[in-house]
Amino acid sequence: MSKFSQFNFGDKKALVRVDFNVPLNENFQITDDTRMRAAIPTIQKVLQDGGSVILMSHFGRPKDGPDKKYSLIHLVPHLQKLLGDEPEVFFSADCIGEAAAHAAALLQKGDVLLLENLRFHKEEEKGDMGFAEQLSTLGDVYINDAFGTAHRAHASTAIVADFFDADKKMFGLLMEGEVSSAEKVLLKSEKPFTAIIGGAKVSDKILIIENLLEKATDIIIGGGMAYTFWKAQGKDIGNSLCEDDRLGLASSLLEMAKAKGVNIHLPIDSTIADKFAADANISNCNSGEIPAGWMGLDIGIQARTDFSEVILRSKTILWNGPMGVFEMEKFQAGTKTIAEAVAAATQKGAFSLVGGGDSVAAVNQFGFNDKVSYVSTGGGAMLEFFEGKELPGIAAINK
Ligand code: AMP
């Protein structure tokens, strides 16, 4: 594997896997271009070196081959705008075959070619070798800059890398940032290492908690999933969210943590509500003494202080999942306080990584995205990384 920043792309055609799966409205206008903007630094470095760029991406979930609705041609004007007047952006109506080969052959230094949606070919998601080989013939070097799909062994995200020598494949800047942040937390964490896990369900987070029991010093559990842990200890949780079929599992996770010397922190109290609604009546009470008819929708006043203390003495912090129903104002305080504590710990020198859909949405909503060390864009991929799985997109570059 080569290091992107040290590679000279002069006269090279770089085949770059990006994630241009942006949302479009019914008029094919882009409603959020974050993913496109995120790829620009990688593209610009190749162009500045005197190379050319061939971009490939999936887009939506087309069912049966080419479909205008899922064509990447809608993105060309905006890509041109993001890159400025200098580089010319070309489009190929197919990502393989003669059209793509011809367009790639015509590329001059400083040009950009966007290939049509990879998923117009079923072979992409099947990880087909022949399809991957056809893609590989388009470029001299392969760059993977699509962390969001790194957990899939698709042709363009993993298999294609086998057709490039070790010194001709690398991560792009975006992917490099994701991988090095994730590795810093999971493999090279400075202790104390606190993992903050929240969200709705225990069942979604079992593997990540199990894996973190091997790595973390402290695990903070908030959100709806905390109540399954309280009920497993025989407590009254009223109408709070609970997965009754996971009570045994919750008990055994608590026992495993004890045996391994990992501190598990559950919210001692909760903001409770008499209904799941923005205009509910609310109160604060012990999480293990919630009256019938009431439900815990946020961590309570004492829990916010307890959790903040743990966070403030940490050197490494991983945060996945909100502490409460942060979408409603009455149940935001817990998640907001935790965001503040993570920001304060970061300012004191801790490394903090926020990953996973809803916690990322929460730090963005509360304006803390530039006060933590790293905000991951790769929801599913980041989760699988923290579950301890090898991601095909990373392995393909490393091997
Ligand atoms: P997840 O996708 O598993 O990270 O869960 C995120 C969702 O969990 C958010 O939509 C929150 O509103 C929801 N959530 C967090 N805390 C609670 C709670 N105490 N009760 C019900 N839902 C919750």
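**Domains, pockets and local features**

Modeller: To begin, five residues of domain 1 are in contact, meaning heavy atoms within 4.5 Å, with seven residues of domain 2. Please keep in mind that this is a predicted model, in which local features need pLDDT of at least 70 and side-chain atom pairs count only at pLDDT 80 or more, while totals for chains, interfaces and linings use all residues. Residues are numbered from 1 along each chain as its sequence is written, and side-chain values use heavy atoms, with hydrogens and water left out.

Colleague: Why does the largest pocket lie between the two domains?

Modeller: A pocket is found on a 1 Å grid over the protein atoms alone, as an open set of points where a 1.4 Å probe fits, with protein on both sides within 12 Å along at least five of seven lines, and its lining residues have an atom within 4 Å of a point. The largest pocket holds about 740 Å³ of space, a volume being the space filled by probe spheres set on the points, which are joined across faces, edges and corners. Of its 35 lining residues, the closest to the centre are Asp19, Arg35, Thr377, Gly378 and Gly379. The largest pocket lies between the domains because its lining takes residues from both domain 1 and domain 2.

Colleague: Which element gives the largest share of the lining of the largest pocket?

Modeller: Helices (H or I, at least four residues) and strands (E, at least two) are DSSP runs, numbered from the N terminus. Those that give two or more residues to the lining of the largest pocket are α1 (34-48), α12 (357-365) and α13 (379-386). The largest share, four residues, comes from α1.

Colleague: And which element gives the largest share of the lining of the second largest pocket?

Modeller: The second largest pocket has a volume of about 420 Å³ and is lined by 32 residues, with Gly199, Ala200, Gly224, Gly324 and Val325 nearest its centre. Two or more residues each come from α8 (226-232), β14 (295-299) and α12. The largest share, five residues, is given by β14.

Colleague: How many charged residues are in the lining of the largest cavity?

Modeller: A cavity is a set of grid points where the probe fits but cannot get out, and a search of the whole structure finds one of 30 Å³ or more. The largest cavity has a volume of about 50 Å³, and among its lining residues are Trp319, Met382 and Phe386. With Ala, Val, Leu, Ile, Met, Phe, Trp, Tyr, Cys and Pro counted as nonpolar, Asp, Glu, Lys and Arg as charged, and the others, Gly among them, as polar, the lining has seven nonpolar residues, three polar and, of charged residues, none.

Colleague: Which side chain meets that of lysine 109 in a salt bridge?

Modeller: A salt bridge is a side-chain nitrogen of Lys or Arg within 4 Å of a carboxyl oxygen of Asp or Glu, and by this rule the count comes to 14, although between domain 1 and domain 2 it is zero. Lysine 109, in the loop between α3 (97-106) and β4 (112-115), pairs with a residue 98 residues apart from it, in the segment before β1 (13-17). At 3.8 Å, N to O, that partner is aspartate 11.

Technical notes:
Domain bounds come from an automatic or database domain assignment.
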